[in-house]
Amino acid sequence: MRKILTCEFSMDTACIELKYSDGSMVSIDTIAVENEVANNMYERSELDYLIYNDSVAYAGLILNGDSEKYLKMDAGGLFLLNFLFQISEQL
């Protein structure tokens, strides 16, 4: 099973880059994701918060296909924190 060694946001490319223990790398284009998923400035703001403050949770949302579910939830509750914790554990 491969594990994440690093997960960081690159301001130069506007991508979140994940490096795995087996040497593979994944790059997530955050601008393209926002254009596809976010429907308004509030949803973009939610995604931006994750990009800058919890890159691993953001990567988990995108790679697991849960970004739309996350954006439809009530932000700020324990349910949201539990959801992000579950996503982080799956990575």
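**Close-up views of a predicted model**

View 1. Five bridges join strand β2 (residues 15-20) to strand β3 (residues 25-29) in an antiparallel pair. Here strands (E, at least two residues) and helices (H or I, at least four) are DSSP runs, numbered from the N terminus, and two strands pair if DSSP finds at least two bridges between them. One of the partners to look for is Asp 29 in β3, which bridges to Cys 15. Four residues sit between the strands of this hairpin, and Gly 23 has a positive phi near 95 degrees. A word on the model: it is predicted, with local features needing pLDDT of at least 70 and side-chain atom pairs counting only at pLDDT 80 or more, while totals for chains, interfaces and linings use all residues. Residues are numbered from 1 along each chain as its sequence is written, and side-chain values use heavy atoms, leaving out hydrogens and water.

**View 2. The three-stranded sheet.** The sheet is open, ordered β1-β2-β3, with antiparallel pairing. From one strand to the next, the twist averages 15 degrees.

**View 3. Helix α3 over the strands.** Helix α3 (residues 55-64) lies across β1, β2 and β3, and runs at about 85 degrees to β3. For that angle, axes are lines fitted to C-alpha atoms (for helices, over the stretch in contact), and angles run from 0 to 180 degrees between N-to-C directions.

**View 4. The largest nonpolar core.** Which of its 17 residues touch the most other members? They are Ile 16, Leu 18, Ile 28, Leu 50 and Tyr 58. Such a core is a set of buried Ala, Val, Leu, Ile, Met, Phe, Trp, Tyr and Cys residues joined through side-chain atoms within 4.5 Å; buried means under 20% relative accessible area with a 1.4 Å probe, protein chains only. β2, α1 (30-37), α2 (41-53), α3 and α4 (67-72) each give two or more residues to this core, and α3 has the largest share, with four.

**View 5. Around Ile 28.** Beyond its neighbours within four places in sequence, Ile 28 is in contact (heavy atoms within 4.5 Å) with residues including Ala 14, Cys 15, Val 33, Tyr 58 and Ile 62.

**View 6. The whole chain.** Zooming out, the protein chain has five helices and three strands, in the pattern β-β-β-α-α-α-α-α along the sequence. Of its 91 residues, 36% count as buried.

Key:
Buried < 20%, exposed > 50% of the residue type's maximum accessible area, 1.4 Å probe, protein only.
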